[in-house]
Amino acid sequence: RMSHIVYKKSELPYAYGALEPYVDEATMKIHADVDRASKLNILLKTLASHDVKFEEKPVDWLLQNLDTVPEEHRVALRNNAGAWYNHDLFWKMMQPASEGNKPHSKVSHALDEAFGSFNDFKQNFHAISTGIYGSGWSWLCVDPKTKQLVIRGTPNQDNPLSDGYTPILGLDVWEHAYFLKYHYQRGDYVNNWFHVVNWGFVEQLYEQATK
């Protein structure tokens, strides 16, 4: 039985080459078009092929409540719903590079509080991102219990929501996200990616997560 949850292919909020030279156009065409469509198709097939009944719930609710999904379907939905949700966030978390691109007021203050400074945060985020074995994501999250910022690394397409954390910034460190331009230099990809972070969107997510 098909789930009532509605998923669709979201449009990029910028052109494929808009993130150059830090994220290359060729990668974006593959990653954000072919790969994105593939993930959506797999998710829809997964939902359609399993006799799992959901009410009309958003995908973030599903990822937060995977324990309500029958065990035989849980891994498939964790992987495919996670992939769809992670990438939908990822495109919005980036924008064309501009001079002085830094965190906005509330996030900037929270980063200083949690890590000492923006540069210290970047060093910590770099360490987590390069330390992920194989494929995965690195995240800046709000701990809902303390409202403090924490960095989390997740394997595969896992999302921090499933572990009780609210992501406000995420970086895809699967090789398909950077290999054409950076080859095996994941660390260079991480450093350069900060030039295209959409801190305005991150600020919005932070405000929502700390209400």
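I began with Thr-154, which sits in strand S2 (residues 149-155). The model I am reading is predicted.

Is Thr-154 buried or exposed? I noted a relative accessible area of 5%; the cut-off for buried is under 20%, so Thr-154 is buried.

Next I looked up its surroundings. Leaving out residues up to four places away in sequence, Thr-154 touches Ile-132, Ser-135, Gly-136, Trp-137, Trp-139, Asn-159 and Pro-160. Gly-136 is 18 residues away along the chain, and its C-alpha atom is 5.6 Å from that of Thr-154. I also checked the side chain of Thr-154: one of its polar atoms lies 2.9 Å from the backbone oxygen of Asp-158.

I then turned to Asn-86, in helix H3. Asn-86 has 0% relative accessibility and counts as buried. Which side chain does the side chain of Asn-86 meet in a polar contact? I found that of Asn-159, at 2.7 Å. Beyond four places in sequence, Asn-86 contacts Trp-137, Trp-139, Gln-157, Asp-158 and Asn-159.

Last, I looked at the largest pocket. Its space comes to about 150 Å³. I listed the lining: Asp-60, Gln-64, Tyr-85, Leu-89, Leu-161, Thr-166, Pro-167, Ile-168, Leu-205, Gln-208 and Ala-209. By type, the lining residues are 7 nonpolar, 3 polar and 1 charged. Which elements supply at least two lining residues each? I noted helix H2 (59-64), helix H3 (71-92), strand S3 (166-172) and helix H8 (199-209). Helix H3 also holds Asn-86.

How values were computed: Residues numbered from 1 in each chain as written. Predicted model: local features only at pLDDT ≥ 70, side-chain atom pairs only at ≥ 80, totals over all residues. Heavy atoms only, no water. 1 Å grid on protein atoms, 1.4 Å probe; cavity = no way out; pocket = protein on both sides within 12 Å on 5 of 7 lines; lining within 4 Å. Points joined across faces, edges and corners; volume = space filled by probe spheres on them. Helix = DSSP H or I, 4+ residues; strand = E, 2+ residues; numbered from the N terminus. Nonpolar A, V, L, I, M, F, W, Y, C, P; charged D, E, K, R; others polar. Buried < 20%, exposed > 50% of the residue type's maximum accessible area, 1.4 Å probe, protein only. Polar contact = N/O pair within 3.5 Å; in protein donor to acceptor, adjacent residues only side chain to side chain. Contact = heavy atoms within 4.5 Å.
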